[in-house]
Amino acid sequence: MTKIIAIANQKGGVGKTTTAVNLAASLAELGQRVLLADLDPQGNATMGAGIEKRTALPTVYQILLNQVTVRDARMRSGPGHFDIIPANRELAGAEIDLVNLEQRDLRFKVALAQVADDYDFILMDCPPTLNLLTVNAFAAAESVLIPMQCEYYALEGLTDLVATIKKVKQRLNPEIRIEGLLRVMFDPRSTLAQQVSDQIKQHFGDKVYDTVIPRNVRLAEAPSHGLPVLAYDRQCRGAKAYMELAEEMLGRTRQGMNSGRTAREKTDGQT
Ligand code: ATP
Ligand code: MG
């Protein structure tokens with residue numbers, strides 16, 4: 001079963017792309033087959049995976065317009081050991097170009113179906129807005145992973161995000177759910193960060209990952225070399241934290257599969 005996860009938060013600069021690239025590389029390190037789709041015209045995930053966005057063609061844009069298939073557009077991130085569908089500035093025009101097209105919310109979902117069997121995980125890096133690109137990601141996703149900084153306004157932004165997920169659930173994708181909340185750039189010495197972290201746990205319970213991503217300068221440096229942090233400095237705290245996250249995610253996935261089976265066995269037993 002392929003797990004398709006959108007990495008989203010409409011707040012800018014909260015670590016979505018850092019999480020997308022490094023989680024993709026860490027899952028690949030654990031032997032998983034991973035596809036990372038860059039749905040942000042900024043093309044940061046593309047660059048972070050070692051692909052030059054200015055020359056990367058075709059991109060998600062052509063996929064959304066049905067000009068190419070995912071099979072044609074995917075590329076290999078050599079240093080990351082995963083596949084990537086690149087994006088660049090051209091994608092900024094997608095919103096307008098898609099407006100009059102049929103099934104404009106479902107285009108990416110339909111396109112991904114072609115390659116779903118090739119992967120264990122498909123991760124989608126979303127832009128910092130709740131626009132048509134994000135809605136395409138949510139329509140295709142089984143779940144949403146939300147990276148967040150433990151700051152004063154963090155919870156406020158979450159309300160809008162959760163409302164959008166609910167709308168998508170009603171209208172486009174009844175299966176969608178929150179995969180998990182990931183605390184990033186975390187500073188354990190900050191009292192405010194601890195307080196906000198406690199509030200998040202109160203609200204979202206075990207949806208909050210035990211793994212916390214610390215603020216770590218190596219994570220910020222790696223993309224300028226076109227490398228996931230594992231390929232840049234695998235011993236640093238940031239690299240270890242994203243490996244821990246990948247392990248936690250795999251553990252939760254297996255647990256979910258087992259509890260799903262147990263629930264089915266129970267129901268089967270009753271009938
Ligand atoms: P956008 O909303 O613009 O797409 P984003 O949510 O994808 O942003 P990133 O680009 O991942 O956020 O991160 C924003 C900045 O913070 C980047 O310069 C990145 O290198 C840095 N950064 C992200 N996570 C960490 C971390 N754990 N420690 C230190 N720096 C980090
Ligand atoms: Mg980003």
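I began with the cavity lining: β6 (143-149) and α8 (154-171) each supply at least two of the residues that line the largest cavity. The model is a predicted one, and I kept that in mind throughout.

**Cavity**

I asked how many cavities of 30 Å³ or more a search of the whole structure finds. The search returns 1. I noted about 60 Å³ of space in the largest cavity. I listed its lining: N9, K11, V14, M148, Q149, E151, A154, G157 and L158. Helix α8 contributes the most to that lining, with 3 residues. By class I found 4 nonpolar, 3 polar and 2 charged residues there.

**Largest pocket**

Next I turned to the open spaces. The largest pocket holds about 410 Å³. I counted 17 lining residues, and M1, T2, K3, T253 and M257 lie nearest the centre. Which helix gives the largest share of this lining? I found that α12 (residues 237-270) does, with 4 residues. The lining of the largest pocket divides into 6 nonpolar, 3 polar and 8 charged residues.

**Second largest pocket**

I then took the second largest pocket, with about 320 Å³ of space. Its lining has 22 residues, and G15, T18, L219, A220 and P223 are the closest to the centre. Two or more residues each come from α1 (16-29), α2 (44-48), β7 (177-186), β8 (208-214) and α10 (217-221). The largest share is from α1, which supplies 4 residues. I recorded the classes for this lining as 14 nonpolar, 7 polar and 1 charged.

**Helix α1**

The 14 residues of α1 should span 20 Å at 1.5 Å a residue, and the end C-alpha atoms are 20 Å apart, so the two values agree. Is α1 mostly covered or mostly open? I found it mostly covered, with 12 of its 14 residues buried. The buried residues are K16, T17, T19, A20, V21, N22, L23, A24, A25, S26, L27 and A28. Just past the helix, I saw that G31 takes a positive phi of about 90°.

**T46 in α2**

I looked up T46 next and placed it in helix α2. T46 has a relative accessible area of 0%; the cut-off for buried is under 20%, so T46 counts as buried. I set aside neighbours within four places in sequence and listed the contacts of T46: D38, I51, K53, I84, P86 and A87.

**Nonpolar cores**

Last, I went through the cores. The largest nonpolar core has 54 residues. Inside it, I85, F108, L112, M124, F138, L181 and I200 have the most contacts. Helix α7 (residues 132-140) gives the most to this core, with 7 residues. Apart from this core lies another, of 37 residues, and I noted F82, L219, A246 and L250 among them. L219 had already come up close to the centre of the second largest pocket.

Which residues is M124 in contact with, leaving aside its neighbours within four places in sequence? I found I4, I5, A6, I7, A37, L39, F108, L112, A137, A140 and A141. Two of these, F108 and L112, are also listed with the most contacts inside the largest core. For context, nonpolar side chains tend to be buried together in soluble globular proteins.

Conventions: Residues numbered from 1 in each chain as written. Chains lettered and ligands numbered in written order. Predicted model: local features only at pLDDT ≥ 70, side-chain atom pairs only at ≥ 80, totals over all residues. Heavy atoms only, no water. Core = buried A, V, L, I, M, F, W, Y, C linked by side-chain atoms within 4.5 Å. Buried < 20%, exposed > 50% of the residue type's maximum accessible area, 1.4 Å probe, protein only. Contact = heavy atoms within 4.5 Å. 1 Å grid on protein atoms, 1.4 Å probe; cavity = no way out; pocket = protein on both sides within 12 Å on 5 of 7 lines; lining within 4 Å. Points joined across faces, edges and corners; volume = space filled by probe spheres on them. Nonpolar A, V, L, I, M, F, W, Y, C, P; charged D, E, K, R; others polar. Expected span 1.5 Å × (residues − 1).
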